[in-house]
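The questions below concern one protein structure, shown here with its sequence.

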Amino acid sequence: MAQTGSFGRRYIKAFVSGFLVAVPVTVTVLDRLAYVARVEGASMQPSLNPEGAAASDIVLLNRWSVRNYQVQRGDIVSLV
């Protein structure tokens with residue numbers, strides 16, 4: 001019976017330590033490198049979301065290029 005409690009504590013300790021590492025890494029990646037966004041509506045037609053309001057496109061927004069001022073003609077820039 002004592003081993004069952006010990007296993008539970010080890011499991012919880014491993015989960016918490018993994019969570020404490022994964023959250024800051026994920027937040028840093030989403031803040032500095034790139035993140036996924038959904039494009040809805042007619043504002044980007046016909047390049048994105050060509051079918052209209054019924055469909056939506058999912059895009060990867062590159063934050064690294066914007067941070068380093070590497071935006072070129074033809075790039076789509078998203079402002080929030």
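This is a predicted model: local features need pLDDT of at least 70, side-chain atom pairs count only at pLDDT 80 or more; totals for chains, interfaces and linings use all residues.

Q: Which UniProt annotation covers residues 12-30?
A: The annotation comes from an unreviewed UniProt entry; such annotations may be inferred rather than shown by experiment. The name recorded for residues 12-30 is "transmembrane region".

Q: Which pattern does the protein follow along the sequence?
A: Helices (H or I, at least four residues) and strands (E, at least two) are DSSP runs numbered from the N terminus. The protein has two helices and two strands. Read along the sequence, they give α-β-β-α.

Q: Is F7 buried or exposed?
A: F7 lies in helix α1, residues 2-32. Buried means under 20% relative accessible area, exposed over 50%, and partly exposed in between, with a 1.4 Å probe and protein chains only. Because its relative accessibility is 52%, F7 counts as exposed.

Q: How many salt bridges does a search of the whole structure find?
A: A salt bridge needs a side-chain nitrogen of Lys or Arg within 4 Å of a carboxyl oxygen of Asp or Glu. R32 pairs with D31, the closest N and O atoms being 3.7 Å apart, and R63 pairs with D31 at 3.4 Å. The search of the whole structure finds two.

Q: Why does the pair of R63 and D31 tie together parts that are apart in sequence, and how many residues apart are they?
A: The closest N and O atoms of the R63 and D31 salt bridge are 3.4 Å apart. R63 lies in helix α2 and D31 in helix α1, so the parts they tie together are separated in sequence by 32 residues.

Q: Which residues do the salt bridges that share partners join into one network?
A: R63 is partly exposed, at 30% relative accessibility. D31, at 35%, counts as partly exposed, and R32 is partly exposed at 41%. R63 forms a salt bridge with D31, and bridges that share partners give one network of D31, R32 and R63.

Q: What percentage of the 80 residues in the protein is buried?
A: The percentage is taken over the 80 residues in the protein. Buried residues make up 10%.

Methods. Residues are numbered from 1 along each chain as its sequence is written. Side-chain values use heavy atoms; hydrogens and water are left out.
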